[in-house]
Amino acid sequence: MSDSAAHQREDDPDAEPASGPADADGPDAADPAGEENRPDGEPTEVSTGAESVVAALEAAGAETAFGVQGGAIMPVYDALYGSSIRHLTMAHEQGAAHAADAYGVVTGEPGLCLATSGPGATNLVTGIADADMDSDAMLALTGQVPTEFVGNDAFQETDTVGVTRPITKHNYFAGDADAVGDVVGEAFELSRVGRPGPTLVDLPKDVTLSDTEEAPGEAEAPAGTDPDPRARQDAVEAAARAIEDADRPLCLFGGGVIKGEASEAAREFARAYGIPVTTTMPGIGSFPEDDELSLSWAGMHGTGYANMAITHTDCLIAVGTRFDDRLTGGIDTFAPEAEVVHVDIDPAEISKNVYADYPLIGDAGTVLEQLHEAIHRAPDADEWRERCQEWKETYPMTYATPDDEPLKPQFVVEAFDEATDDDTIVTTGVGQHQMWASQFWTYTEPRTWVSSHGLGTMGYGVPAAVGARVAADAMGEPDRDVVCFDGDGSFLMTMQELSVAVREDLDITIAVLNNEYIGMVRQWQDAFFEGRHMASDYNWMPEFDKLAEAFGALGIRVDGYDEVAPAVEEALAYDGPAVIDFHVDPEENVLPMVPSGGANGRFALAEDQL
Amino acid sequence: MSGEDAAGMPGPAPDERPQPEGRRNLEGHRIDPVVEAEHDSRRAVISALVEDEPGVLARVSGLVSRRQFNIESLTVGPTTVEGHSRITMVVEETDPGIDQIEKQMAKLKPVISVGEVSGSAVTSELVLLKVHGEEPDKVHAIAEMYDGEALDAGPETITVQLTGDESKIDDAIDAFDQFGIIEIARTGQTALARGNIPTAPGEKPGTAGEPTTPNTQ
């Protein structure tokens with residue numbers, strides 16, 4: 001069993017360093033492939049490993065890459081020179097990973113990010129982990145020190161394959177120049193088949209510099225990784241009977257509905273049988289929130305009516321969700337009277353957190369159509385639908401705007417929603433602002449809500465806006481607006497990517513809901529730590545409007561209600577990146593709230609109910 | 001909402017709302033109306049046929065540790081098929097836990113097939129045991145009793161090799177304890193199914209890359 005990279009390299013006669021050991025000293029010592037080695041327009045002809053890598057990416061349909069240069073990845077960048085792939089140089093590799101992730105979410109194609117070895121690769125890690133938790137298709141290419149130096153603690157060496165093993169769907173150490181293109185093509189395809197997820201290929205510099213004439217073949221996912229889209233028919237029939245017989249049926253659409261391009265099938269399914277719909281947070285946009293059947297999204301900060309419905313349903317039709325703890329609250333009180341129909345492409349999600357009475361393993365859209373064919377009569381749910389409507393009236397999503405209190409952040413979200421079209425893409429960081437952006441914006445289309453769910457990565461918003469903008473432009477939709485709601489804390493983590501937006505002239509609007517707190521932590525401290533604001537109160541923040549101007553973006557500061565609409569209008573009309581620093585009420589809390597591990601049906605409507 | 005006295009959002013407080021009476025157990029099973037017993041953990045032997053590529057052992061052991069599966073032993077070795085290895089794991093888990101291990105392992109790209117080895121499988125372990133050498137005759141007698149073999153004998157220590165299933169090995173170790181065990185090394189259990197039954201379900205030795213067919217529905 002060859003469990004070390006070293007063993008494999010011994011077996012690998014093709015992995016000879018093509019350039020001197022001085023390469024390990026960084027870019028200055030690099031010996032990039034010469035001009036004559038570049039592709040001459042014929043994509044299948046290659047002369048180096050790096051050219052094979054780029055040929056594989058082009059053949060797989062990659063159009064855009066986000067990355068940061070560096071010593072060990074230089075040969076790949078050199079081969080990108082003159083490629084059809086558009087490359088955006090990001091300020092930081094984390095930004096490259098988030099931008100690629102968001103690009104993938106918006107386009108439905110795998111995002112692509114590049115970084116050099118060592119710190120370049122480790123800076124990608126947060127973004128890769130984020131994509132892994134949210135099942136986003138993404139390929140990361142990392143440079144690596146030449147194979148003969150691997151394991152010697154060479155300059156900028158990190159065991160990238162080891163570091164990223166638990167946060168990728170699969171990763172590869174490409175030790176063979178003749179096969180490197182095929183490996184990259186396979187990794188690209190693997191990221192999107194079945195349950196999507198990030199893949200990574202680690203590219204030693206000698207391999208990418210090495211001579212090879214082996215052009216990549218047609219890219220294919222590894223055998224056994226592209227599952228059967230259809231669920232077993234007997235299981236479908238059994239689930240269909242359960243749905244027909246339900247008194248209180250409820251659909252729960254997760255992110256898998258969007259990733260499986262099943263939003264249309266999901267809408268038809270719910271409407272055909274009049275089944276009320278709630279979504280998970282990643283499932284936002286799978287079902288229009290302005291539809292009468294929509295109860296918006298459920299979970300910790302979900303609507304009261306969604307959480308009442310999910311608590312009282314007797315048949316939960318869950319599609320493409322992994323029953324995350326932020327959705328379920330305490331497992332003992334989650335949909336406690338429901339038979340669960342669970343549709344998922346990943347068998348390992350079946351009965352992982354919530355027991356599935358009717359497991360349906362398959363593609364979301366395909367299985368919904370199978371169910372549609374198998375159901376012969378709609379469940380008798382008039383009374384249940386009325387109850388759901390009553391809950392909407394009993395627990396409306398409202399907020400107060402007293403004259404003697406500062407600007408409310410929810411008002412800002414609603415103002416943007418009113419000023420923009422339905423196809424507007426919203427990105428966020430993580431925290432209170434993210435919750436308000438999801439609660440007070442009415443989402444109607446898939447791939448318009450771009451956020452960090454599972455990992456909860458503060459700082460996701462700005463690089464995601466860059467990726468989303470580039471994606472919309474690449475799709476030929478330059479008129480779509482991209483709005484990033486960010487918190488002051490989140491913005492400080494990745495705002496350097498604003499430099500990319502200015503340099504590349506990207507039309508994005510960043511709305512910082514600035515409360516000078518790590519607001520969600522402050523809210524929890526007030527609720528659970530007797531109000532001790534340890535390390536959550538910034539006390540001082542830079543002036544983000546002026547900072548934006550220094551970057552070359554439009555900067556606006558807003559303090560009062562009257563200034564909101566004009567500022568929103570000006571920023572949206574501005575052709576380029578704009579930042580509005582909204583100084584909002586620092587004491588505002590996100591409600592409703594199900595305390596961690598609590599019962600969804602016992603959501604708090606005020607802080608003193610926690 | 002702001003300040004201590006603000007009302008928050010409208011609607012009945014948690015205690016004023018109807019709550020369902022049903023519950024789920026920690027494994028997500030509905031307790032009501034069908035009472036599902038809590039699962040006890042049990043010992044299971046999991047066998048996986050894997051592609052012998054760099055990092056495959058790290059992928060499997062990393063999966064086991066990350067998902068907090070209780071593992072007793074893990075052995076690995078080549079098969080007669082070029083490029084294939086067999087990994088045998090002994091785990092102590094509930095039925096849903098064992099199900100999760102199999103499903104999560106099946107998702108690893110180098111895993112060709114994986115499954116629990118049936119209870120009647122042939123299992124065996126090899127142990128090297130070093131004891132004090134003051135009573136060589138007695139040591140040799142006990143070694144013989146357990147079909148063991150002395151591999152090294154000197155004036156101070158005797159090293160014995162034993163093979164067998166878990167209960168035999170445990171009994172032997174107890175018997176050698178009287179001499180004072182200086183060092184011990186165990187390989188962990190390895191296993192094969194009896195007769196014509198494939199050791200991992202759906203396993204087709206000799207068909208490189210043949211995918212697992214999960215039998216989960």
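## The sheet in chain A and its helices

Angles between elements here run from 0 to 180 degrees between N-to-C directions, along axes that are lines fitted to C-alpha atoms. With that in hand, take helix H22 (residues 544-551) of chain A: H22 lies across E16, E17 and E18 of chain A, and runs at about 175 degrees to E17(A). Keep in mind throughout that this is a predicted model.

Those strands belong to an open sheet of 6 strands in chain A, in the order E14-E13-E15-E16-E18-E17, with parallel pairing. Strand E14 (449-450) and strand E17 (554-558) sit at the edges, each pairing on one side only. E17(A) finds its partner in strand E18 (residues 578-583), and the two pair in the parallel sense over 5 bridges.

Helix H16 (residues 409-419) of chain A lies across strand E15 (482-487), strand E16 (509-514) and E18, running at about 165 degrees to E16(A).

## What the UniProt record marks

An unreviewed UniProt entry annotates residues 429-582 of chain A as "domain: Thiamine pyrophosphate enzyme TPP-binding". Over that stretch the chain is 43% helix and 16% strand, with the end C-alpha atoms 15 Å apart.

The record also has an annotation for residues 48-161 of chain A, "domain: Thiamine pyrophosphate enzyme N-terminal TPP-binding", again from an unreviewed entry. Here the make-up is 45% helix and 18% strand, and the end C-alpha atoms are 23 Å apart.

## A helix pair: H12 and H15

Two packed helices are described by the angle between their axes and the distance between the axes. For helix H12 (residues 304-312) and helix H15 (residues 382-394) of chain A, the axes come within 8 Å and cross at roughly 145 degrees. The crossing of H12(A) and H15(A) is right-handed.

Which residues in H12(A) and H15(A) meet? H12(A) brings Gly304(A), Tyr305(A), Met308(A) and Ala309(A), while H15(A) brings Cys388(A), Trp391(A) and Lys392(A). Sorted by type, the residues of this contact divide into 5 nonpolar, 1 polar and 1 charged.

## Under cover: helix H14

Next up is helix H14 (residues 364-374) of chain A, where Ala364(A), Gly365(A), Val367(A), Leu368(A), Gln370(A) and Leu371(A) are buried. What covers these residues of H14(A)? On the helix side, the cover includes H9 (233-244), H10 (255-259) and H11 (263-273) of chain A. On the strand side, the cover includes E10 (315-319), E11 (339-344) and E12 (358-361) of chain A.

## Chain B on its own

Chain B has 4 helices and 9 strands. Starting at the N terminus, its elements run β-α-β-β-α-β-β-α-β-β-α-β-β.

Of the 217 residues in chain B, buried ones make up 32%. Take the contacts in chain B between residues at least 6 apart in sequence: 69% of them join residues at least 24 apart.

## Where the two chains touch

Key: Residues numbered from 1 in each chain as written. Chains lettered and ligands numbered in written order. Predicted model: local features only at pLDDT ≥ 70, side-chain atom pairs only at ≥ 80, totals over all residues. UniProt positions renumbered as here; feature names shortened; annotations may be inferred. Buried ≥ 20, exposed ≤ 12 C-beta atoms within 10 Å, placed from the backbone. Contact = placed C-beta atoms within 7 Å. Pairing = 2+ DSSP bridges. Left-handed = near helix turned anticlockwise from the far one by under 90°. Nonpolar A, V, L, I, M, F, W, Y, C, P; charged D, E, K, R; others polar.
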